[in-house]
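Open the model in your viewer and keep the selection panel at hand. We will go stop by stop.

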Amino acid sequence: MQVHRDLQQLPDFRNAVITIGTFDGVHTGHQYILQQLQEAAEACHGETVIITFDPHPREVLAPQNKTVHLLTTLDEKIQLLEKWGIHHLVVVPFTKAFSELSATAYLEDFLISTFRPHTIIIGYDHRFGHNREGGLELLEAEQQKFGFQLLEIPQQVVHDLTVSSTKIRNSLQEGAILLANELLGYPYFINGKVVHGDKMGRQLGFPTANIALHDSRKLIPAQGVYAVKVTVAGKEWKGALNIGTRPTFNGSELRIEVYILDFNEEIYGAEIHVSFIEFIRADKKFDAVDALVVQITDDVVKAREILRS
């Protein structure tokens with residue numbers, strides 16, 4: 001997959017079959033669009049082109065709102081899309097000026113002029129242009145004039161829930177990992193670096209790897225304990241991960257710590273990838289350290305059972 005970040009340096013696409021969106025999470029709804037994109041490109045011997053935006057539009061349109069939580073960073077999105085065999089990903093710098101393009105200018109001066117699409121594929125609720133004034137009706141009205149084919153993708157439903165990045169975020173923030181993973185089509189994951197902590201886990205008999213996320217905008221699931229899979233130095237391990245503030249020790253800083261099962265290596269500074277498999281329990285405060293150790297021991301047993309299956 002070729003990644004393009006300069007609109008002035010784009011190649012001449014062959015029968016470009018395009019779709020547009022933030023694609024945050026590259027979830028099952030997005031994956032359905034990708035399948036349609038590939039089928040349409042094969043039918044016209046064309047190239048698949050995804051147009052996405054960076055930064056996330058909400059960061060530009062509502063800068064005072066600091067609650068943008070990404071399911072996937074741009075690098076993670078690129079990695080996920082590469083697995084689908086997409087020909088081109090065009091990363092458009094999203095600016096205030098770009099957001100103020102009228103729907104007609106967006107269509108004519110951006111989409112048509114820049115990409116000369118053979119086919120445009122959009123989701124059922126896709127809106128574009130200033131104040132989101134453009135949509136399917138404008139594309140249909142201009143379709144004959146510009147000679148592109150148009151394909152609308154309907155709602156994708158899992159267990160009677162419309163698949164959306166918002167529903168996935170809400171599920172993760174509620175600790176509903178199984179539902180989030182089903183909507184995503186893969187286990188939710190985080191990427192980061194192993195950093196030094198206060199070695200409290202080691203003192204309790206469960207040495208943990210403290211994780212510093214690469215991007216502070218990445219969504220952190222609900223506080224609690226999870227059964228996870230951990231990839232470090234190219235090898236996958238099983239683990240029990242805790243997200244919390246260490247209430248038993250009156251902590252206040254949110255930490256992400258993972259106890260890697262059957263692992264005894266120094267990995268400070270290493271890159272680490274963690275996939276969330278199942279929620280075990282909520283974070284809680286214990287009256288005594290001994291009670292905490294008993295609970296951690298039980299958490300590890302449960303994590304083993306979950307990951308064994």
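Helices here are DSSP runs of H or I, at least four residues long, numbered from the N terminus. The model is a predicted one.

**Stop 1: Gln143.** Select Gln143, which sits in helix α6, residues 136-146. Now show its contacts. Leaving aside residues up to four places away in sequence, Gln143 touches Phe148, Gln149 and Leu150. Gln143 and Leu37 are 106 residues apart in sequence, and their C-alpha atoms are 18 Å apart.

**Stop 2: the stacked pair.** Select Tyr106 and Phe128. Their rings are stacked, at 5.0 Å centre to centre with 20° between the planes. Tyr106 belongs to helix α5 (103-115) and Phe128 to the loop between β5 (119-123) and α6, so the pair ties together parts 22 residues apart in sequence. Both Tyr106 and Phe128 are buried.

**Stop 3: the edge-to-face pair.** Go to Trp237 and Phe263. Their ring centres are 4.8 Å apart and their planes meet at 80°, so this pair is edge-to-face. Trp237 is in strand β12, while Phe263 is in the loop between β13 and β14 (271-282), 26 residues apart. Both Trp237 and Phe263 are buried. The count for the model comes to 15 aromatic pairs.

**Stop 4: a charge over a ring.** Select Lys218 and Phe189. Lys218 lies over the face of Phe189, 4.7 Å from the ring centre.

**Stop 5: the largest cavity.** How many cavities of 30 Å³ or more does a search of the whole structure find? The search finds 3. The largest has a volume of about 380 Å³. Select Thr208, Asn242, Glu257, Leu292 and Ile296, the closest to its centre of the 23 lining residues. Then colour α9 (200-203), β12 (235-244), β13 (255-260) and α10 (289-308), each of which supplies at least two lining residues. Helix α10 gives the most, with 4 residues. By class, the lining has 13 nonpolar, 4 polar and 6 charged residues.

**Stop 6: the second largest cavity.** This one holds about 100 Å³ of space. Select Phe53, Asp54, His56, Leu70 and Lys77, the closest to its centre among 13 lining residues. Strand β3 (47-54) and helix α3 (74-82) are the elements giving two or more residues to this lining. The lining of the second largest cavity divides into 5 nonpolar, 4 polar and 4 charged residues.

Methods: Residues are numbered from 1 along each chain as its sequence is written. This is a predicted model: local features need pLDDT of at least 70, side-chain atom pairs count only at pLDDT 80 or more; totals for chains, interfaces and linings use all residues. Side-chain values use heavy atoms; hydrogens and water are left out. Contact means heavy atoms within 4.5 Å. On a 1 Å grid over the protein atoms alone, a cavity is a set of points where a 1.4 Å probe fits but cannot get out, and a pocket is an open set with protein on both sides within 12 Å along at least five of seven lines; lining residues have an atom within 4 Å of a point. Grid points are joined across faces, edges and corners, and a volume is the space filled by probe spheres set on the points. Ala, Val, Leu, Ile, Met, Phe, Trp, Tyr, Cys and Pro count as nonpolar, Asp, Glu, Lys and Arg as charged, and the others, Gly among them, as polar. Rings of Phe, Tyr and Trp (its six-membered ring) pair if their centres lie within 6.5 Å; planes under 30 degrees apart count as stacked, over 60 as edge-to-face and the rest as tilted. Buried means under 20% relative accessible area, exposed over 50%, partly exposed in between (1.4 Å probe, protein chains only). A charge sits over a ring if NZ of Lys or CZ of Arg is within 6 Å of the ring centre and within 35 degrees of the ring normal.
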